[in-house]
Amino acid sequence: MTTTPITGRSRTTIARSSCGGTRLAVIALTLLAMSYAAVGASADDAYAVHLGKLINDYRAQHDVPPLAPDASLSELAHEHAARMAQDKRLSHYGFEERFAKAASPRCVENVGWNQRTPEAEFAEWRNSPTHAHNLLDPAIARMGIGIQDRYVTFFACR
């Protein structure tokens, strides 16, 4: 695994290993957004859904398959965001544990803090070569996004 800290408000980690459908992912994200709206989900949930849509739109622009939302990865991402909020700092502490719990041959992670909108968080990641690489990694297929007190974790795996 390679860990690359980035200065500023975002950091990224890439875990390496040896190891369709755009329409389906768009439908899944739409259904997820509709279910959040139906149950009166929090602003953090709406932020996460919108950030996931921005990520998949970006992947589509680069002819990379979309990421399917994954509840177990979202739970891992939220646990990490909560840990960062508790510690009041960005980190990738525990990445190896999240990677193991995901039971996947490949995972990537971006973290961020203090962006008021999903568009601002996405722009930070898109404009950082290492973060953008994670967002466009064709070897990942599922994603989870967790948010706690403006700390954000994007955790995605094969």
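Biologist: Helix α3 (residues 71-87) and helix α4 (residues 95-102) have axes that come within 10 Å and cross at roughly 165 degrees; why are α3 and α4 called roughly antiparallel?

Modeller: This is a predicted model, in which local features need pLDDT of at least 70, side-chain atom pairs count only at pLDDT 80 or more, and totals for chains, interfaces and linings use all residues. Residues are numbered from 1 along each chain as its sequence is written, and side-chain values use heavy atoms, with hydrogens and water left out. Angles over 145 degrees count as roughly antiparallel, and the axes of α3 and α4 cross at roughly 165 degrees, so the two helices are roughly antiparallel to each other.

Biologist: Which residues make the contact between α3 and α4?

Modeller: With contact taken as heavy atoms within 4.5 Å, Leu 73, Leu 76, Glu 79 and His 80 of α3 meet Arg 98, Lys 101 and Ala 102 of α4. By class, that contact has 3 nonpolar, 1 polar and 3 charged residues.

Biologist: What makes Cys 107 and Cys 157 a disulfide?

Modeller: A disulfide is a pair of cysteine sulfur atoms within 2.5 Å, and the sulfur atoms of Cys 107 and Cys 157 lie 2.1 Å apart. The pair links distant parts of the chain, 50 residues apart, with Cys 107 in strand β4 (residues 107-113) and Cys 157 in strand β6 (residues 151-157).

Biologist: Why is this disulfide called right-handed?

Modeller: The torsion about the S-S bond of Cys 107 and Cys 157 is about 105 degrees, and the disulfide is therefore right-handed.

Biologist: How do you know whether Cys 107 is buried or exposed?

Modeller: Buried means under 20% relative accessible area and exposed over 50%, with partly exposed in between (1.4 Å probe, protein chains only); Cys 107 has 0%, so Cys 107 is buried, and Cys 157, also at 0%, counts as buried.

Key: Helices (H or I, at least four residues) and strands (E, at least two) are DSSP runs, numbered from the N terminus. Axes are lines fitted to C-alpha atoms, for helices over the stretch in contact, and angles run from 0 to 180 degrees between N-to-C directions. Angles under 35 degrees count as roughly parallel, over 145 as roughly antiparallel, 65 to 115 as roughly perpendicular and the rest as oblique. Ala, Val, Leu, Ile, Met, Phe, Trp, Tyr, Cys and Pro count as nonpolar, Asp, Glu, Lys and Arg as charged, and the others, Gly among them, as polar.
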